[in-house]
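Here's a structure to walk through together, from the overall layout down to single residues. Have your viewer open and follow along.

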Amino acid sequence: MTTTIDATLARRVNRGSGENAYKCYQCKKCSTGCPVAGFGDLHPAQIMRAVQLGAVEAAVDSRFIWLCTGCETCTTRCPQGIDIAAIMDELRMIAREEHRVRSDAPFANILKLNYDSFRRWGRLYEVELLALDKATRLSSLTDDVVMGIRMFLKGKINPLPTFGDRAQMKRMTDVADRINRDKRAVSRAMDLPDTASLPPASPGGVR
Ligand code: SF4
Ligand code: SF4
């Protein structure tokens, strides 16, 4: 029996990443190689299934997408050649655009602060990063304080910013943003249909 489903989420993921989630046949090789698969609410193959099913709450609201380190092990293991890491990236972008970033995903906050810090200083300014992170997550105020003091005493943290090539960093991030925009525009041209048929799961999968 063929199941027809709403492909809205898969289309959106396809626009941003250029990847077709419907190529996934649930062999689970991505999940078995993923270093953080055991720490989230879902694992990569389940995220792929959620995208196929158009289950926004499961995929975009998942804690797992913020645990993903972008190591690309899943991408290299996928027998279907799907860039799963790019799909995780895209889901994070959708979460941001839709204001659906989970409040219990501190990594989400840090990622944005990292990006802003690189643009502002041309390199990472740890003290500012730490201060802004704590300011936006007051409940975490006491976390890491002892370690921070130890690192400071050992000279591992510089209290003053050291400047990198800020103009070059801005050029790099501008180019990266433009590439992302162009990628979205190109993939719009090879859009998926409104509905899709779910491919059958791989018998038994690979564990
Ligand atoms: S490895 Fe590829 S085909 Fe297999 S479950 Fe993961 S995404 Fe799907
Ligand atoms: S890129 Fe993310 S999902 Fe893929 S293996 Fe690495 S941590 Fe897991």
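The paragraphs below start with the fold, move on to the core and a helix pair, then visit the ligands and a few individual residues.

First, some housekeeping: this is a predicted model, in which local features need pLDDT of at least 70, side-chain atom pairs count only at pLDDT 80 or more, and totals for chains, interfaces and linings use all residues. Residues are numbered from 1 along each chain as its sequence is written, while chains are lettered from A and ligands numbered from 1 in the order in which they are written.

Now the layout. The protein has eleven helices and two strands, where helices (H or I, at least four residues) and strands (E, at least two) are DSSP runs numbered from the N terminus. Going along the sequence, the pattern reads β-α-α-α-α-α-α-α-α-α-α-α-β. Of the 207 residues, 25% are buried; buried means that 20 or more other C-beta atoms lie within 10 Å of the residue's own, exposed means 12 or fewer, partly exposed is in between, and C-beta atoms are placed from the backbone. Take the contacts between residues at least 6 apart in sequence: 72% of them join residues at least 24 apart. A contact here is a pair of residues whose C-beta atoms, placed from the backbone, lie within 7 Å.

What sits in the largest nonpolar core? It has 30 residues, and those with the most contacts inside it are Ala-21, Val-51, Ile-65, Ile-84 and Leu-91. The elements giving two or more residues to this core are α1, α3, α5 (64-67) and α7, and α7 gives the most, with six residues. For the record, a nonpolar core is a set of buried Ala, Val, Leu, Ile, Met, Phe, Trp, Tyr and Cys residues joined through C-beta atoms within 7 Å. If you click on Ala-21 and skip residues up to four places away in sequence, you'll find it touching Ala-10, Val-13, Met-48, Val-51, Gln-52 and Ile-87.

Next, look at α1 and α7 as a pair. Their axes come within 9 Å and cross at roughly 110°, the axes being lines fitted to C-alpha atoms (for helices, over the stretch in contact) and angles running from 0 to 180 degrees between N-to-C directions. That makes α1 roughly perpendicular to α7, a label covering 65 to 115 degrees. From α1, the contact uses Arg-12, Val-13, Gly-16 and Ser-17, and from α7 it uses Ala-86, Ile-87, Asp-89, Glu-90, Leu-91, Met-93 and Ile-94. These residues divide into six nonpolar, two polar and three charged. In this scheme Ala, Val, Leu, Ile, Met, Phe, Trp, Tyr, Cys and Pro count as nonpolar, Asp, Glu, Lys and Arg as charged, and the others, Gly among them, as polar.

How covered is α1? Eight of its ten residues are buried, including Leu-9, Ala-10 and Val-13. Thr-8 also lies in α1 (residues 8-17), but Thr-8 is partly exposed because it has 13 other C-beta atoms within 10 Å. Ligand 1 has 16 residues around it, with Cys-24, Cys-27, Cys-30, Ala-45 and Cys-78 coming nearest; a residue qualifies if its C-beta atom, placed from the backbone, lies within 6 Å of the molecule. α2 (29-33) and α3 (44-53) each supply at least two residues of this shell, and the largest share, three residues, comes from α3. By class, the shell around ligand 1 has eleven nonpolar, two polar and three charged residues. Around ligand 2 there are 15 residues, the closest being Cys-34, Cys-68, Cys-71, Cys-74 and Ala-85. Here α6 (73-77) and α7 (84-97) are the elements that give two or more residues, and α7 provides the largest share, three residues. This shell has ten nonpolar, four polar and one charged residues.

Gln-26, in the loop between α1 and α2, has a positive phi of about 65° although it is not a glycine, and it counts as buried because it has 21 C-beta neighbours inside 10 Å. His-99, in the loop between α7 and α8 (106-121), has a positive phi too, near 55°, but with 6 C-beta neighbours inside 10 Å His-99 counts as exposed.

Notes. Contact = placed C-beta atoms within 7 Å. Parallel < 35°, antiparallel > 145°, perpendicular 65-115°, else oblique.
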